[in-house]
Amino acid sequence: MIASINNVQLKKWVRKSAQLLVSASLLTAAGSTFAADKEVTIAFQDMMVPWRYAQQLDEVAKETGYKVSYRKFGGGGDVIRAMASGNVQIGEAGSSPVAAGLSQGLPIQLFWILDNINDAEAMVARNGSGVTSVAQLKGKRLGVPFVSTSHFHALLAIKKAGLSPSDVKVLNMRPPEIAAAWERGDIDAAFVWNPVLAKISASGKAITSSGKIAADTGIATFDGFVVNSEWAQGNQAFMMSLVKILAKYDAMYRAHPEQWTGSTPQGKAVATISGGEPGEVAAALALYQFPTPAEQASVKWLSGGKNAGAVKSLQATADFLKEQKTLQSTLPDYSVGVTDQYVKALAK
């Protein structure tokens with residue numbers, strides 16, 4: 001009988017041990033899933049902005065505990081495609097590729113204005129090309145990254161000059177390709193941003209800029225941060241930490257722009273991450289405007305639904321790209337792809 005009881009107890013113990021092992025396995029699996037969830041890939045480009053210093057310091061990973069991977073892309077269109085594939089959760093993109101992505105049904109939200117482009121993107125004509133105005137581009141070769149803010153403003157400038165896109169040989173080139181084509185003499189002009197803008201300006205002359213086009217047409221362009229909507233909902237604390245870091249480095253620059261040169265840690269970081277020359281940093285940063293959280297949380301940028309400045313810019317950009325047959329359709333309301341949730345919380 002005692003032996004029989006011991007066998008029963010032994011069987012119970014074996015069953016209990018098995019259950020504990022299964023539970024431990026499930027907990028381990030859950031822990032692994034949680035760890036995997038605390039990973040994010042952020043896409044960036046080569047614009048010279050204060051945020052680059054935070055990237056070099058890996059501040060987002062330190063503040064959040066997430067494993068943060070950074071991937072550099074040659075243009076906003078590439079960033080949007082990577083987000084569509086699911087390989088990137090957060091990305092930098094100009095207003096033109098953001099408008100295109102939203103128009104195509106991509107579940108993304110614009111949550112931060114990285115910069116008001118202003119004069120940081122310009123159309124430069126090569127010395128000796130015979131081009132001194134946009135109207136003189138007829139029959140000439142213009143290099144521009146397609147579906148970028150530069151592309152949108154280039155087409156807008158061409159139209160305002162009385163030309164049609166077919167009057168100009170508009171060539172789709174990423175910034176590094178523009179630099180190489182310029183060196184070979186393959187193009188007569190280009191519309192691009194730094195660091196390539198600084199390189200081609202050494203042997204060319206700016207004939208217009210995004211700032212001038214915005215003043216002439218009332219349609220500004222900007223670079224912003226977009227996030228996969230579903231990912232953002234599951235990672236709210238991370239999103240707030242990211243926005244605080246973005247605001248912190250913009251404020252550092254606004255307070256002391258003289259400290260962001262090629263000879264300071266901040267300026268060197270901007271040059272290294274962007275891929276530009278240290279000596280170009282101060283001048284490149286000065287071309288942009290970096291809105292404060294309070295400005296971003298106002299109708300000027302992200303708040304106000306259809307009346308928000310960013311929403312109006314996205315709508316105008318999408319309508320124009322459709323007119324140029326770059327897009328097949330547009331949305332009735334682009335505020336569905338813009339959120340002021342994080343900037344409002346920060347601005348309080």
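**Local geometry and helix packing in a predicted model**

At 45% relative accessibility, S85 counts as partly exposed, because that class lies between buried (under 20% relative accessible area) and exposed (over 50%), computed with a 1.4 Å probe on protein chains only. The model is predicted: local features need pLDDT of at least 70, side-chain atom pairs count only at pLDDT 80 or more, and totals for chains, interfaces and linings use all residues. Residues are numbered from 1 along each chain as its sequence is written, and side-chain values use heavy atoms, with hydrogens and water left out.

S85 belongs to helix 4, residues 76-85. Helices (H or I, at least four residues) and strands (E, at least two) are DSSP runs, numbered from the N terminus. The S85 side chain makes a polar contact with the side chain of N87, at 2.9 Å. Such a contact is a pair of N or O atoms within 3.5 Å; within protein, one must be able to donate a hydrogen and the other to accept it, and residues adjacent in sequence count only if both atoms are side-chain atoms.

Helix 4 also packs against another helix. Its axis comes within 8 Å of that of helix 5 (residues 95-103), and the two cross at roughly 35°. Axes are lines fitted to C-alpha atoms, for helices over the stretch in contact, and angles run from 0 to 180 degrees between N-to-C directions. Helix 4 contributes G76, G77 and I80 to the contact, and helix 5 contributes P97, V98 and G101. Contact here means heavy atoms within 4.5 Å. The residues of this contact comprise three nonpolar, three polar and no charged. Gly counts as polar, whereas Ile, Pro and Val count as nonpolar.

Backbone exceptions were then examined. Most residues other than glycine have a negative phi, and most peptide bonds are trans. D58 is not a glycine, yet its phi is positive, about 55°. D58 sits in the loop between helix 2 (51-57) and helix 3 (59-64). D58 is partly exposed, because its relative accessibility is 30%. K325 also has a positive phi, near 65°. K325 lies in the loop between helix 15 (309-323) and helix 16 (341-347). At 73% relative accessibility, K325 counts as exposed. The peptide bond from N194 to P195 is cis, with omega near 10°. P195 is in the loop between strand 8 (189-193) and helix 8 (196-201).

Helix 11 (residues 236-255) has 20 residues. Its buried residues include F238, L242, L246 and Y253.

Terms used: Expected span 1.5 Å × (residues − 1).
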